[in-house]
Amino acid sequence: MKRAVVLLSGGLDSATTLAVALRDGFEAHALSFDYGQRHKLELNAATQIAAALAVHEHRTAVIDLRVFGGSALTSNVAVPKNRVTDDDAQIPITYVPARNTIFLAYALAWCEVLGAADIFIGANAIDYSGYPDCRPEFISAFEKLAGVGTKAGVEGTQFRIHAPLISMSKAQIIRRGADLGVDFALTHSCYDPTPEGVACGECASCRLRLAGFHDAGLVDPIPYAAK
């Protein structure tokens, strides 16, 4: 069985991506990150999802992106509410500088140790907040980097970065996850949960998630502080 490193944040996109990797016959090695994010509750969700889907292994890398800040998720800047992006045509303040580049670099390093050539990431370029590291151009560029910047790559390993959700709407992602048996009640998407851990219902991530469930004709199983 081929091994794959699957980035698992704890959100519905990454949970669905993990389910896709398992469906496609990969031995899944799930990788999460404790990077100083304000919505650290997603790590509990990632642990539960990994257990529910019976991954081969789940690890959490600890890095602290708060040392740089620059994002509402890694600093004291307020998370914008009641809008999908902070401003029209602008990259939102919830963008974490180079986050997916950093995450994929860690996944690539683990691939070399495992002798694996496949990485799965839940990046999406349709119903998303405008992050530049969620676009097909970025995925393609990193795949090329993997081939020239690693021992395995220069020795002939053809790395592949799988982004199976990248061209899907949020509703399509939710339907795909439901078809694959993902328990969305275990997932966490909110950028600014209440102290009790309830999703705010007003940040961009919550709004995209709620709209996706509505468009999919399904009921979101998690509670919200506001809808």
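A salt bridge is here a side-chain nitrogen of Lys or Arg lying within 4 Å of a carboxyl oxygen of Asp or Glu. The model is predicted, so local features need pLDDT of at least 70 and side-chain atom pairs count only at pLDDT 80 or more, whereas totals for chains, interfaces and linings use all residues. Residues are numbered from 1 along each chain as its sequence is written, and side-chain values use heavy atoms, with hydrogens and water left out.

**View 1. A network of salt bridges links Arg 38, Lys 81 and Asp 192.** Lys 81 lies in the loop between strand 3 (57–62) and helix 3 (99–114), and Asp 192 in the loop between helix 6 (170–179) and helix 7 (204–216), so the pair ties together parts that are 111 residues apart in sequence. Helices (H or I, at least four residues) and strands (E, at least two) are DSSP runs numbered from the N terminus.

**View 2. Asp 34 and Lys 40 meet through their side chains in a salt bridge.** The N to O distance is 3.3 Å. Asp 34 counts as buried at 17% relative accessibility, while Lys 40 is partly exposed at 37%; buried means under 20% relative accessible area, exposed over 50%, and partly exposed in between, with a 1.4 Å probe and protein chains only.

View 3. A cavity is a set of points, on a 1 Å grid over the protein atoms alone, where a 1.4 Å probe fits but cannot get out; a pocket is an open set with protein on both sides within 12 Å along at least five of seven lines, and lining residues have an atom within 4 Å of a point. Grid points are joined across faces, edges and corners, and a volume is the space filled by probe spheres set on the points. The largest cavity is lined by 32 residues, of which Ser 9, Asp 13, Arg 99, Gly 122 and Tyr 191 lie nearest its centre. Helix 1 (12–23), strand 2 (27–34), helix 3 and helix 7 are the elements that give two or more residues to this lining.

**View 4. The largest pocket has a volume of about 200 Å³.** Of the 13 residues that line the largest pocket, Ala 185, Leu 186, Thr 187, His 188 and Gly 197 lie nearest its centre.
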